[in-house]
Amino acid sequence: MDVIDTLAGIASGSHLDTIRRTRRPTAREHAQKSYDSLFAPADFGGFTAAERHAVAVFIAGLHGQDAIKAFYAGKAGNTAAIDAEIAVATTKGPYGAFPKGPLSTEDTAGPIYRVGDKNRAAIGPRLAAAFEHVHMLVFHPRDADARSLQSLLDAGWTTTEIVTLSQLVAFLSFQIRVVAGLKVLAAKS
Amino acid sequence: MTDKTIPQSGHVVPAVFTRDMLDWLPWLEPVAADQMSERQLASLVDAARVKSDYFRLLARDPDVLEARTRTDKDIFYNADGGLPRAERELAAAATSRLNGCIYCASVHARFAATYSKRTEDVDKLLAEGTGADLDKRWNAIVAASVALTETPISFGPQHVDALRAVGLDDDAIVDVINAASFFNWANRLMLSLGEPTPAKA
């Protein structure tokens, strides 16, 4: 079983296990390699294991996926401050603005999240900047601009670390959806 | 050297969804083409991607880039059973339309139109959005992609029933889940690391 099997409850030899292994073996293998490269890389660089897992806990929490959140929480240390932020930061997406023009009629308003004063010290400035960026990527990715990346640089993230952080939130957006989708399908098989 | 963002200005900003060719301008410095390590070059999978700022930026974390790319290619190009290529591309285009990724939507709307020959329906999806009435089968695939893309995820048993009712077997439904989910990965990278502009003629 790989991580997606574990999170979706796909048993070895089951109908969906067979589809994953026989029809899309390379996608199965490399979804797992993506996970391994993000959460157990040979070299973490300046983006620590604890930070990666804390961000994953926040992302899974924002999706309302408690079992996936618990999976990542094991290596995230104390998540009390993160849990408190998830409770106030959770909303519905995707929202956001389009470039000005004909699509502006489709602009949808929504909150711009900032880490609360109460938990800011416990989370720390570097992770706080990451959480604010991650919230935008989860709920309103079309609002992203170069200034969002500047906020991360200002908080001490390097360009390479920002690439990895971006991959981490984007990959989890994929993994969480695959797991949710396969769970529904498994229940209907 | 302190890292910096790259201010992009003076370019045309596409303000509608389109099947036209677009370029993409990075907000962070890609690895220079002549500075790429062997590992970074290998992580591109397709050597021609060394011309792309997007892939040379992602090559800063080569292991993740290579795994991402091989996942992508199997979901969309593996012809062993499952959903026809055109409809995998439809799921990608619908996801991109809902998230608002004009660049991704342009690429995958082109592929969907090419493989399906249903250019008018693809253009209707781009113009009207994911509520566009296409036909029963495409509506079910678009609705499933939307439900997988929303946060919280609203995909449920009714979507599986609707996909089965229009002829999809479980191999094909797994492809819908993979394709829509993968574009929730791709859209977030494309939207947050740079921006589109019309391709130079």
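Me: Which helices of chain A do the buried residues of α5(A) pack against?
Reply: In this predicted model, helix α5 of chain A spans residues 66-73. Its buried residues are Ile68(A), Lys69(A), Tyr72(A) and Ala73(A). The helices they pack against are α1 (3-8), α4 (49-62) and α10 of chain A.

Me: Which residues of α8(B) are exposed on the face turned away from its buried side?
Reply: Helix α8 of chain B, residues 157-165, has the buried residues His159(B), Val160(B) and Leu163(B). These fall within an arc of 100 degrees seen down the axis, so they line one face of α8(B). The face turned away from them carries the exposed residues Pro157(B), Asp161(B) and Ala165(B).

Me: Which helix of chain A is included in what covers the buried residues of α8(B)?
Reply: The cover includes α7 (136-149) and α9 (170-193) of chain B. Together with these, the cover includes a helix of chain A, namely α10 (159-187).

Me: Which helix gives the most to the side of chain A that touches chain B?
Reply: In total, 60 residues of chain A are in contact with 57 residues of chain B. On the chain A side, α2 (15-22), α3 (25-39), α8 (125-139), α9 (146-154) and α10 each supply at least two residues. The one that gives the most, with 20 residues, is α10(A).

Conventions: Residues are numbered from 1 along each chain as its sequence is written. Chains are lettered from A and ligands numbered from 1 in the order in which they are written. This is a predicted model: local features need pLDDT of at least 70, side-chain atom pairs count only at pLDDT 80 or more; totals for chains, interfaces and linings use all residues. A residue is buried if 20 or more other C-beta atoms lie within 10 Å of its own, exposed if 12 or fewer, and partly exposed in between; C-beta atoms are placed from the backbone. Helices (H or I, at least four residues) and strands (E, at least two) are DSSP runs, numbered from the N terminus. The arc is that of the directions from the helix axis to the C-beta atoms. Two residues are in contact if their C-beta atoms, placed from the backbone, lie within 7 Å.
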